[in-house]
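I opened my notebook to look up a few things in this structure. Here are my entries, in the order that made sense to me.

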Amino acid sequence: MTIPSSTYRLQLRGDGFTLEDARGIVDYLDDLGVSHAYLSPVLSATKGSTHGYDVVDPTIVSPDLGGRAALEALTAELRSRGMGVVVDIVPNHVGVEDPRQNAWWWDVLRNGRASQYAGFFDIDWADDNGVDGKIALPILGSDSDVDELTIDRTGDAPLLAYYDHRFPIADGTDDGDATTIHDRQAYRLVSWRAGLVGYRRFFSVNGLAGLRQEDYDVFTESHKEIASWMTDDLVDGLRVDHPDGLADPGGYLTELRELMGEDRWLVIEKILARGEPLDTSLPVDGTTGYDALADVGGVFVDPAGATALGELSQSRTGSASDPEWLHATERELKAAVAQGDLAPEVRRLTRAILRESQADISAEAVTDAVVALVAHMPYYRSDYAPLAGTIPRVIGTVLQNRPDLEAGLDAVATALVANGESAVRFEQVCGAVTAKGVEDCLFYRATRLISLQEVGGDPAIFGVAPAQFHLANADRADRWPAAMTTLSTHDTKRGEDVRARIGVLSQIPELWARCVADWEEMIPSPDGATGLFLWQNLFGVWPVDGAIDDSLRERIHAYAEKAMREANLRTGWNDVDETFESSVHEWLDSVMQGSVADSMTMLVARVDVHGRSDALGQKLLQLVGPGVPDVYQGTELWDDSLVDPDNRRPVDYRIRRELLSGNDVPSATTDAASKFRVVRAALRLRRERPASFVGGTYAPVYATGSASAHVVGFSRGPQQGEPDVMALATRHSSTLQNEDWGDTTVVLPQGQWRDRLTDTVYTAQASATELFAALPVALLVRENVGDTDR
């Protein structure tokens, strides 16, 4: 198998960065040291889609991106330079927001169960689903809005119309008024507030309908274009979006591996809980790297700051955001999601349990048991081999606190043992409840240290000790050497450099608490929890010179709106409190000018060097560490991105091209070139010495001396040879006494070692003072006769 030495993630979009645009930067990616371009979804998506995950036609490459010809041209350009291409695919769902754009969905709505595509979607046809066996479409503003329906007869065929929405009318049913015609269709339009949805969704997104990939005909039809990429040797690997949403992830991945062949790279967006192992029986090369992100970022967080930051959270919000509160709140939020946004999926699961258990019990009792059980589940789903026994253990835990649920849990257990529909839907519901309750809500409520609140992370775990970090890396090098690793994705809540700066607060908690107290006295936030959460985000993105331009101001306001609504404390997506939101926006405007802004600027100027030190450190350790590192678009330079869609802004490659010609060593951590130099040197080294990385050895490197705890590093090398690469980084730099390394030294293996970042040569040992004189990181390479850089 040809495994990438590194990937570079490109977010394609028809209105800004097409496949042809990607082809135009291949020379830049090659010079940077990248081996494979990693493309966001390229199949035909909803018109105007800026992300591609709302595929409406999986049988063609998006014409908006340039079509099949443009993909072939991009691959040819990459191959001409010895590079390759990896493509993101979306098997779990398709876009149905505008039914006219999705031919399969349109046919189902028109013909109902008689449609040739009826079996493609996970549709709830049951007569007891609240709409008499019709497909419930949550479109209307209220139930009475059915009176607002009209008939659009402007085209070749009449359409049912609700404002800008259009729906098909079955043959022979178009006589009469709009309400009468509506009642004859295979679907029924209902209020989006009614809690009725006639199909499995991606989480709770009504515009994304789940596909039944467990049906081989569905798999075959939805993978025709993907299969042709393999036949025509057009792509070198795939990234699979959200396989946990499928009925049978393992079965799907087995089919996909057979389609791809053994010689192509395959990674999956599998969200692992902290400590959860990836199932080794899956025919994949690893995950997309959230587990690595938590390890690499965590080693730069100072656990000594947990108490003080917890006390600050307690004083401002009434809760310390400590492990006990976090875990209790997680269970509460997951239960609320199961009873709220995902109630349609839970009701459908309840009906399946009642059928398969044949229990003489009420639906309400079963639902209560299901809600309690999914709220306590520690994983996205538990039907992977390493997690065997999870459900019985969780049932035992639930019963200790809720013995009144025993009859309902008995019914659940009986149905799960039958291993039919209930077992499938239970696992699908678990993943959706976890995503909506934790990543999309809890991570916007906890306020102790928000840089810990990342997909695949656990904010209850405050920092990662070097010993933990090394053992996790060694395990990855041994078990999953070709897994992807990452620091930023389109799904991360904050960009890597923003997280790194916020993480520095763990080193200066008392100073941070004093600053927050001063600022709150000058300009009190409208709500304690919202305020403390946003103070940290402001600190993370605040410019060193304090210049807040209109673009940044707009981005901060957009982020605040999303954060407030996701937290769902004082306002939410379904019930917007405009008065509260306006008060927060007014508060932000006040903060971004005047004395508070000046104070924030002074704090940022004081600690920015430590944030950048940690940012360079985590970047180097990720790029040189075990696995295949992905560089998210633009993050080879300093990046102040927040959550999607902010992290999908266009990248200015002109600036990056200019840096390619620079050969001088950056004079300071804050130089624009410092991060670029680290990224380029590490990627080129991986390409130069592939045997030392994927499949290579891993060993911790420890310093000696008075500040040895502030050095974290490791060595890499080929399996049958001595270590020939060493990555070293400074950690907890703000707590270094007067920035003095003292007698701290790193002992080097035999030979001559050159730092690829500064061109300094070392033998026998290197003092930390010299190692980190120019940059807070070092990339040492053992020099041998004949060493060359491509």
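Is Glu454 buried or exposed? I find Glu454 buried, with a relative accessible area of 2%; buried means under 20% relative accessible area, exposed over 50% and partly exposed in between, using a 1.4 Å probe and protein chains only.

**Ground rules.** I am working with a predicted model, where local features need pLDDT of at least 70, side-chain atom pairs count only at pLDDT 80 or more, and totals for chains, interfaces and linings use all residues. Residues are numbered from 1 along each chain as its sequence is written, and side-chain values use heavy atoms, with hydrogens and water left out.

**Glu454, continued.** I placed Glu454 in the loop between helix 16 (421-439) and helix 17 (466-479). Helices are DSSP runs of H or I with at least four residues, strands are runs of E with at least two, and both are numbered from the N terminus. Leaving aside neighbours within four places in sequence, I listed Leu293, Phe443, Asp491, Thr492, Lys493, Arg494 and Arg499 as contacts of Glu454, where contact means heavy atoms within 4.5 Å. I also noted that a polar atom of the Glu454 side chain lies 2.9 Å from the backbone nitrogen of Lys493.

**Helix 18.** How many of the eight residues of helix 18 are buried? Eight of the eight are, so helix 18 (residues 496-503) is largely enclosed by the rest of the structure.

**The whole chain.** I counted out 26 helices and 24 strands in the protein chain. Its radius of gyration is 27 Å, close to the 28 Å that the globule rule gives for 790 residues, so the chain is as compact as a globular protein of that length. That radius is taken over C-alpha atoms, and the rule is 2.2 Å times the number of residues to the power 0.38. Along the principal axes, the C-alpha trace spans about 85 × 65 × 50 Å. Buried residues make up 60% of the 790. Among contacts with a separation of 6 or more, 72% join residues 24 or more positions apart.

I found Glu345 in helix 12 (residues 343-357), buried at a relative accessible area of 13%. Not counting residues up to four places away in sequence, Glu345 touches Tyr199, Arg200, Arg201, Phe203 and Val429. Gln358 sits in the loop between helix 12 and helix 13 and is exposed, at 72% relative accessible area. I flagged its phi near 55°, a positive value in a residue other than glycine.

**Pro378.** This proline is in the loop between helix 13 (363-376) and helix 14 (390-401), and at 40% relative accessibility I class Pro378 as partly exposed. Outside four places in sequence, Pro378 touches Ala273, Thr390 and Val394.

Which peptide bond is cis, with omega near 5°? I noted the one from Asp644 to Pro645; Pro645 lies in the loop between strand 18 (628-632) and helix 24 (653-660). My last stop was Ala764, in strand 23 (residues 761-767), which has a positive phi of about 70° although it is not a glycine.

How values were computed:
Polar contact = N/O pair within 3.5 Å; in protein donor to acceptor, adjacent residues only side chain to side chain.
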